[in-house]
Amino acid sequence: MEELFFYIKLGLRHVLDPQALDHLLFLSALAIPYTPGAWKKVLLLATAFTITHCLSLAMSVYGWIEANATLIEFLIPLTILLTALGNIYRNLSGIDREGWWLQLAATAFFGLIHGLGFSNYFNMLMAEEDEKALPLLGFAGGIEISQLLIISAVLFLTFVLVRWVRIGKRLFIMSASSLIALLTLPMIAEAWPW
C-alpha cells in the first residue's frame, strides 16, 4: 500500500509541480471554454487525457514503444498551442457540439504525446521494479486527482470572471486562450528540434 501511495503522490507532483507549466497551461486551455455547468464534459476530457497519457506511459514502460525525446519535448508545447488555437477557432466560428467531439479526440491524442514525455523519467524509476501495474495505476490516480483540482480551479475562475465580474464569455475565452498561446510560444522555440 505504501508503494501505491508513493506513485499517487508522484502523479500529483507530476501535474502540480510549479516547474510543470505545460500541464497547467494544457488543462487550463481544456477547461477555459466551459462553465461549471458543463463539468461533465470537462471531466470526460480530463479522463480521456489521463487514460491515453497512462496508456502511452505503460507502452513505454513495457518496452512496446520508444519515442524520440527531443521530438516529444517539442510536440508537448505544440499540443498546448493547438488546444488554445482550437478554443479561439471554435469561439470565432460558433462550433460547439461537433467541435466538442473533435476536442475529445484531440485531447486523447495529446494525452499519448504527454505520456511519452514523462516516460524516460518513469522508466528510470521502474528499472528496479518487477511489478509495473500497481505503480502505473497509482500514478494514473495521482494524475487524475491533480487534473481535477486544476480544472475545478479554472471552472471556478471562469464562473467568477464571467458571472460576477461580468466579462463576456466570448471575450474571456479569446483572451485566456490567446494568453495561453503566447505563453506557449517560448516553450516551442526552446524545444525546437531543428
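Buried means under 20% relative accessible area, exposed over 50%, and partly exposed in between, with a 1.4 Å probe and protein chains only. Helices are DSSP runs of H or I with at least four residues, strands are runs of E with at least two, and both are numbered from the N terminus.

This is a predicted model: local features need pLDDT of at least 70, side-chain atom pairs count only at pLDDT 80 or more, and totals for chains, interfaces and linings use all residues. Residues are numbered from 1 along each chain as its sequence is written, and side-chain values use heavy atoms, with hydrogens and water left out.

**Exercise 1**

Work out why helix α2 is largely enclosed by the rest of the structure.

*Solution.* 
- Take the helix, residues 21–31.
- List its buried residues: Asp22, His23, Leu25, Phe26, Leu27, Ser28, Ala29, Leu30 and Ala31.
- That makes 9 of the 11 residues, so α2 is largely enclosed by the rest of the structure.

**Exercise 2**

Find which residues Gln147 is in contact with, leaving aside neighbours within four places in sequence.

*Solution.* 
- Locate Gln147 in helix α6.
- Check its accessibility: the relative accessible area is 0%, so Gln147 is buried.
- Apply the contact rule, heavy atoms within 4.5 Å.
- Beyond the neighbours set aside, the partners are Val15, Leu27, Ala46, Phe49 and Thr50.
- Leu27 is also one of the buried residues of α2.

**Exercise 3**

Classify the ring pairs Phe26–Phe110 and Phe109–Phe110.

*Solution.* 
- Start with the rule: rings of Phe, Tyr and Trp (its six-membered ring) pair if their centres lie within 6.5 Å; planes under 30 degrees apart count as stacked, over 60 as edge-to-face and the rest as tilted.
- The structure holds 7 aromatic pairs.
- For Phe26 and Phe110, the centres are 6.2 Å apart and the planes stand at 70°, so this pair is edge-to-face.
- Phe26 sits in α2 and Phe110 in α5 (residues 97–126), so the pair ties together parts that are 84 residues apart in sequence.
- For Phe109 and Phe110, the centres are 6.2 Å apart and the planes stand at 55°, so this pair is tilted.
- Compare accessibility: Phe109 is partly exposed at 49%, whereas Phe110 is buried at 10%.
- Ring pairs link Phe26, Phe49, Phe109 and Phe110 into a cluster.

**Exercise 4**

Describe the phi and the setting of Arg166.

*Solution.* 
- Recall the background: most residues other than glycine have a negative phi.
- Arg166 is not a glycine, yet its phi is positive, about 70°.
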